[in-house]
Structure formats: structure tokens, C-alpha cells
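Welcome, and please load the model into your viewer. We will go from one selection to the next and say what is there at each stop.

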Amino acid sequence: MSNLEESPASKTAAIDRALYLLGFEIGEISPEKITGQLKVTENCSQPFKVLNGGVSALIAETLASLGAHMTSGFQRVAGVQLSINHIKPAMIGDLIVVEAKPVTVGKKIQVWEVQQWKVNSLPEKKILVSTARVTLLCNLPVPEHARAQEEVIKKYAKL
């Protein structure tokens, strides 16, 4: 199987284990936009059968960090602030689509916006589930043990 034929699940497993374990699938990866999707299951929901807000926050910070990592020239980044508003619930069985885009890209600080929608039968009918803003400190040195991750991301990214 070539890189272009690899499943979204295997791509996600290679890039971020926590998202993979929740069932999230990373889609497009570029410095301008990161996308993905999650089918809401019992693994990522509250006892009330709705998407756990902590899972939404994990997705937001992870996708923003991935984008900031690329736009900073693959330097280490660290989230310094996450603000998320949960607008509507997503129930077990709902499909969540996610898009992260940069708001501002500076040499030391980046701000990313991450929106999550539920889409069920009609892709053109998206219902906003949450919106997040993630502020990241950028251009930190990458630890030796994490340097190989750059090549994994480049394997899947549109650069």
C-alpha cells in the first residue's frame, strides 16, 4: 500500500496515538489547514451519551499544535492557552468534522481557531458543536527523542 493509499486511521496512528485511540481520523494536513473527523462512540462520550468536552478540547489542541509545528518550520510548540465554547451536543452515532486554521502566525506566538461540526446525512448541513482558540508558544528546540516525528508528518502533509 503506498502512502497515498494508507487509511486515515493508520495516518492518525502514526501522527498522534491519543487521537487514534479515540477513533479520530486526520484528513488534510497542511500549514494552512488541518482537518479530520470522529464518529462519536462510547469511547469518547460522557455517561449522558454525548461527546465529552475534554475530547473536543484534546482534538482542538492537537490539531492546532500540529499546524503550528509545521508553520514554525517543525520546531517544538507548546500550548499556552486553550479557550473552547461548546455550542451544541453531539450524540453517540454523530459524525464530527473538524477544521483547524491559523488566525495569526508569528515567530514566537501562533493562534489557531478550531471548529467542530456534526454532519449526519447531508454534508452541506453542518451544525456547529464547538469552537476553540488555541494560543501556542513556537520555535522551541525539538528534543532529540522527538526529531523523527517531523519525517512522519512530512510523509502525510501537503507542503
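Start by selecting Val 77, which you will find in strand β3. Keep in mind that you are looking at a predicted model. Is Val 77 buried or exposed? Its relative accessibility is 16%, and the cut-off for buried is under 20%, so Val 77 counts as buried.

Val 77 and Val 142 are 8.6 Å apart in space, although 65 residues separate them in sequence.

Next, stay with strand β3 and turn to the largest pocket. β3 (76–86) is one of the elements that give two or more residues to the lining of the largest pocket, a pocket with a volume of about 420 Å³. The others are α3 (53–71) and α4 (149–156). Which element gives the most to this lining? Select α3: it contributes six residues.

To centre your view on the pocket, pick Ser 65, Leu 66, His 69, Gln 149 and Ile 153, which lie nearest its centre among the 18 lining residues. If you colour the lining by residue class, you will get nine nonpolar, four polar and five charged residues.

Zoom in on Leu 137, found in strand β6 (residues 127–140). Leu 137 has a relative accessible area of 32%, so it is partly exposed.

Terms used
Residues are numbered from 1 along each chain as its sequence is written. This is a predicted model: local features need pLDDT of at least 70, side-chain atom pairs count only at pLDDT 80 or more; totals for chains, interfaces and linings use all residues. Side-chain values use heavy atoms; hydrogens and water are left out. Helices (H or I, at least four residues) and strands (E, at least two) are DSSP runs, numbered from the N terminus. Buried means under 20% relative accessible area, exposed over 50%, partly exposed in between (1.4 Å probe, protein chains only). On a 1 Å grid over the protein atoms alone, a cavity is a set of points where a 1.4 Å probe fits but cannot get out, and a pocket is an open set with protein on both sides within 12 Å along at least five of seven lines; lining residues have an atom within 4 Å of a point. Grid points are joined across faces, edges and corners, and a volume is the space filled by probe spheres set on the points. Ala, Val, Leu, Ile, Met, Phe, Trp, Tyr, Cys and Pro count as nonpolar, Asp, Glu, Lys and Arg as charged, and the others, Gly among them, as polar.
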